[in-house]
Amino acid sequence: METKVNSGLRTVEWKDNAVVMIDQTKLPNELVYVKFSDYREVADAIRNLVVRGAPAIGVSGAFGLALAVLQSKAKTKEDLLSDLEQARRILHDTRPTAVNLAWGLDKIMQVAKSRNDVLEIKESIVEEAKSMADEDIKVNMRMGKYGAQLLGDNDTIMTHCNAGALATVGYGTALGVIRATKESGKKIKVIATETRPVMQGSRLTAFELKHDGIDVSLIPDTAVGYSMAQGLVSKVIVGADRILRTGHVYNKIGTYQIAIMAKQHEIPFYVAAPLSTFDLKSRPEEVIIEQRKPSEVTTIAGKKTAPDNINVINPAFDMTPPELITGIITEVGIAKPPFEESIKKLFETKL
Ligand code: MRU
C-alpha cells in the first residue's frame, strides 16, 4: 500500500491527553498512528523504534513525562516529583546515545521542580511539552535556512539514515536543509543510503523525499565509494545523535565510513543538528554506543540471512572525528573548524 507523508506531517503529537505517534516500524508499507496514555508505553515505543531519531525521541520523552504527571495520584509536590523521577529514569534508559532524550526529560523535570504545587505542575508540564514539540519544527526551519546557503543549484546530496521529518517532530534536520534548499528555488537531488540493518534510509528517507517530490535515488550502503568515485555526489549532509564540545559527532552506524570516503574524494561533509543535540560535558570515552539485538543483522524483513548462533556485533552508532567534518549546521549558525572555538561561539550566540 502506498502511503502519503510530507514535511507537514507530525511524527509525534499530544492529542486528548494522549501521545499520538506514527509507528515507524510499519513504514513504508502502512501509515499507522499509535496512541499511548501510559508513559511506560512511550518508553517501549522509543526502545522498539516505533519513534526514533534524536529530536523525535527528545520530544517523545517530554510527552512521556507529561503522561506520568497525569497518571500520578500524588497529593504533594514532593511525591509527584518522586513519581516523575521514576518515569524519567525508565524513559531515559531506553536508548543511551542520543542526548536529545536526556535534554527533553531534564527540561521537563526543571519546569516541574520550579512550580509550587501539584496543580501548578500538572498545568504547566503538558504545555511545556507541547511547546517543545512546536519549537522543534521552528528550529529545523531556521537550521534549513542556514544550511541552504551551503548548497548550490544542481547539487546532489548524499545522506545517511533518516534525519528528516520522521526523525523530528516535522521538517527534519539534514532533510530540512534539503527541503529549504528546494524551497529557495535551487534544483537539488539526493542519494540516500539504505542504512542497514534497520533500513531507515530506504524505509524512511527514500519514502519521505519521494512523497515530497524531491528527486531521490536509493543506493546500497556498499555503493558509497562507487558513487563518490563516479562523481555523483556534490556534498554529504547527515544528522547527529550527539555532538561533543570538540566537534566529535555520534550518528547512525556507517556515518564514519562515509566521512572517511568523503575526505578521500574531497567532498564536503556537513552535519545538521539543533543545539539540543550538543553534549558540552562528556568526553568521547564517556559516550555510550547503543548495542542492539543480533536479529537486526541476522535477518532481513523477518527472514533469516545468517547461520544459527552466529556471533554478531551490532552497534547502532559510530563517532566521526572533527577532522573529517566541514561544518555543523545549527539553528543559530554554522560552526566551522576549529570546532571547539566555533561551537562555543554558537552557544554564546544563543544566550
Ligand atoms: O536509530 P535511529 O533511527 O534513532 O538513529 C537515528 C539517527 O542516527 C539520525 O541520523 C539522528 O538521530 C539524527 S535525526 C535528525
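**A loop and the ligand site**

Guide: P197 is found in the loop between β5 (188-193) and α7 (200-211). Keep in mind that this is a predicted model. R196 and P197 are joined by a cis peptide bond, with omega at about 5°. That stands out because most peptide bonds are trans.

Now follow the chain to Q200, in the range given for α7. An N or O atom in the side chain of Q200 is 2.9 Å from an oxygen atom of the ligand.

Which elements give two or more residues to the shell around the ligand? They are α2 (54-71) and β9 (249-252). The shell divides into 7 nonpolar, 6 polar and 4 charged residues. Of the 17 residues around the ligand, R52, R95, D241, N251 and K252 come nearest.

Take D241 next. A polar side-chain atom of D241 is 2.8 Å from an oxygen atom of the ligand. G53 uses its backbone instead: a polar backbone atom there is 2.9 Å from a ligand oxygen.

One more stop, at L49. L49 lies in the loop between α1 (39-47) and α2. L49 is not a glycine, yet its phi is positive, about 65°. Most residues other than glycine have a negative phi. Is L49 buried or exposed? L49 counts as buried because its relative accessibility is 9%, and the cut-off for buried is under 20%.

Conventions: Residues are numbered from 1 along each chain as its sequence is written. This is a predicted model: local features need pLDDT of at least 70, side-chain atom pairs count only at pLDDT 80 or more; totals for chains, interfaces and linings use all residues. Side-chain values use heavy atoms; hydrogens and water are left out. A residue is near a molecule or strand if one of its heavy atoms lies within 4 Å of it. A polar contact is a pair of N or O atoms within 3.5 Å; within protein, one must be able to donate a hydrogen and the other to accept it, and residues adjacent in sequence count only if both atoms are side-chain atoms. Helices (H or I, at least four residues) and strands (E, at least two) are DSSP runs, numbered from the N terminus. Ala, Val, Leu, Ile, Met, Phe, Trp, Tyr, Cys and Pro count as nonpolar, Asp, Glu, Lys and Arg as charged, and the others, Gly among them, as polar. Buried means under 20% relative accessible area, exposed over 50%, partly exposed in between (1.4 Å probe, protein chains only).
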